[in-house]
Amino acid sequence: MGQITLRGIRKSFSGVDVIHGIDLTIADGELAVFVGPSGCGKSTLLRMIAGLDRPTTGTIEIDGQDVTRTSAAERGLAMVFQSYALYPHMTVRQNLSFGLENTRMPKNDITARVDDAGRMLEIMDLMDRRPTQLSGGQRQRVAIGRAIVRNPTAFLLDEPLSNLDAELRGSMRAELAGLHDRLKTTMIYVTHDQIEAMTLADKIVVLRKGVIEQVDTPLGLYNRPQNLFVAGFIGAPN
Ligand code: ADP
Ligand code: MG
């Protein structure tokens, strides 16, 4: 399960509105991409879904349950940021298992989950290294692994590849798409990169200055942009 519904979400910081009333449903298993120029409110929206920030008004539901007032931990979602935020003094294995050690999960199960994620991401040979001994792409894989081991209801990814070079970004993007195909877990992927949005998404949500301009499939957006902003942003000719 992993249907996420936003109803009338608004957010202001010190009286300044940055999100102006968002209504949106992301279906269970869907890969939704939030795309839009820098400063349009993508991260703010994702942080509210994650439970790291509260909407000023509006409600957030996960599988029909109102979670607006619950903590991030209670929501069962996993967030991946562009800065990997790995623990520098821990090995890869410790980084992967750390989040599970405060739960009641038996040690054997933790090891099995970490190994599963490690195999899926092909980082088994890196388990004893520390983050400083990894390349950027390897670090990002570990960050994604840390989300996978939690077996979340949904993955929330905020520009996870933007620190990588173009070539690596392309291959990691394909890996993420493959991961979504395998796990079939709801993913919300935030990016300012139109190509990333067009190649990854089941559904694209185009944001501009805190409002949704259009929600459609990549093909739908390309063929039927609702206004000049969407057309210009997606790069369609009309
Ligand atoms: P994006 O992720 O699309 O680049 P953000 O969600 O980070 O955009 O920011 C949207 C707007 O909200 C920006 O104008 C930003 O300056 C503002 N903003 C974000 N977080 C805060 C905050 N904690 N305090 C004040 N303003 C903020
Ligand atoms: Mg952002």
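A crossing is right-handed if the near helix is turned clockwise from the far one by less than a right angle, and left-handed if anticlockwise. Helices (H or I, at least four residues) and strands (E, at least two) are DSSP runs, numbered from the N terminus.

I noted that this is a predicted model, in which local features need pLDDT of at least 70 and side-chain atom pairs count only at pLDDT 80 or more, while totals for chains, interfaces and linings use all residues. Residues are numbered from 1 along each chain as its sequence is written, and chains are lettered from A and ligands numbered from 1 in the order in which they are written.

**H3 with H5**

I looked up the axes of H3 (residues 92–101) and H5 (residues 136–148): they come within 8 Å and cross at roughly 30°. H3 is therefore roughly parallel to H5. The angle classes are roughly parallel under 35 degrees, roughly antiparallel over 145, roughly perpendicular from 65 to 115, and oblique for the rest. Axes are lines fitted to C-alpha atoms, for helices over the stretch in contact, and angles run from 0 to 180 degrees between N-to-C directions.

From H3, I listed Val 92, Asn 95, Leu 96 and Gly 99, which meet Val 142, Gly 145 and Arg 146 of H5. Contact here requires C-beta atoms, placed from the backbone, to lie within 7 Å. I sorted the residues of this contact into three nonpolar, three polar and one charged. Ala, Val, Leu, Ile, Met, Phe, Trp, Tyr, Cys and Pro count as nonpolar, Asp, Glu, Lys and Arg as charged, and the others, Gly among them, as polar.

**H3 with H4**

I then followed H3 to H4 (residues 107–120), where the axes come within 10 Å and cross at roughly 135°. That angle makes H3 oblique to H4. This crossing is right-handed. Arg 93, Leu 96, Ser 97, Leu 100 and Glu 101 of H3 make the contact with Ile 110, Arg 113, Val 114 and Ala 117 of H4. I counted five nonpolar, one polar and three charged residues in the contact of H3 with H4.

**The four-strand sheet**

I read the strand order as S2-S1-S4-S5, in an open sheet with antiparallel pairing. S2 (16–26) and S5 (65–66) are at the edges with a single partner strand each, so one side of each has no neighbour in the sheet. Two strands pair if DSSP finds at least two bridges between them.

S1 (residues 4–13) pairs with S2 over eight bridges, in the antiparallel sense. I located Arg 10 opposite His 20 of S2, and Leu 6 has Leu 24 as its bridge partner in S2. The two strands form a hairpin with two residues between them, and Ser 14 in the turn has a positive phi of about 40°. S1 also runs antiparallel to S4 (residues 57–62), joined by five bridges. There, Arg 7 has Thr 59 of S4 as its bridge partner.

**The six-strand sheet**

I found a second open sheet, ordered S6-S7-S8-S3-S9-S10, with mixed pairing. S6 (77–80) and S10 (211–216) are its edge strands, each with a single partner strand, so one side of each lacks a neighbour in the sheet. Neighbouring strands here are turned by 15° against each other on average, direction ignored. S9 (residues 203–208) pairs with S10 in the antiparallel sense over five bridges. Val 205 is placed opposite Val 215 of S10.

**Ligand 1**

Last, I listed the residues around ligand 1: Phe 13, Val 18, Gly 36, Ser 38, Gly 39, Cys 40, Gly 41, Lys 42, Ser 43 and Thr 44. A residue is near a molecule if its C-beta atom, placed from the backbone, lies within 6 Å of it. Helix H1 (residues 42–50) gives the largest share of this shell, three residues. By class, I noted three nonpolar, six polar and one charged residues in the shell.

Notes:
Contact = placed C-beta atoms within 7 Å.
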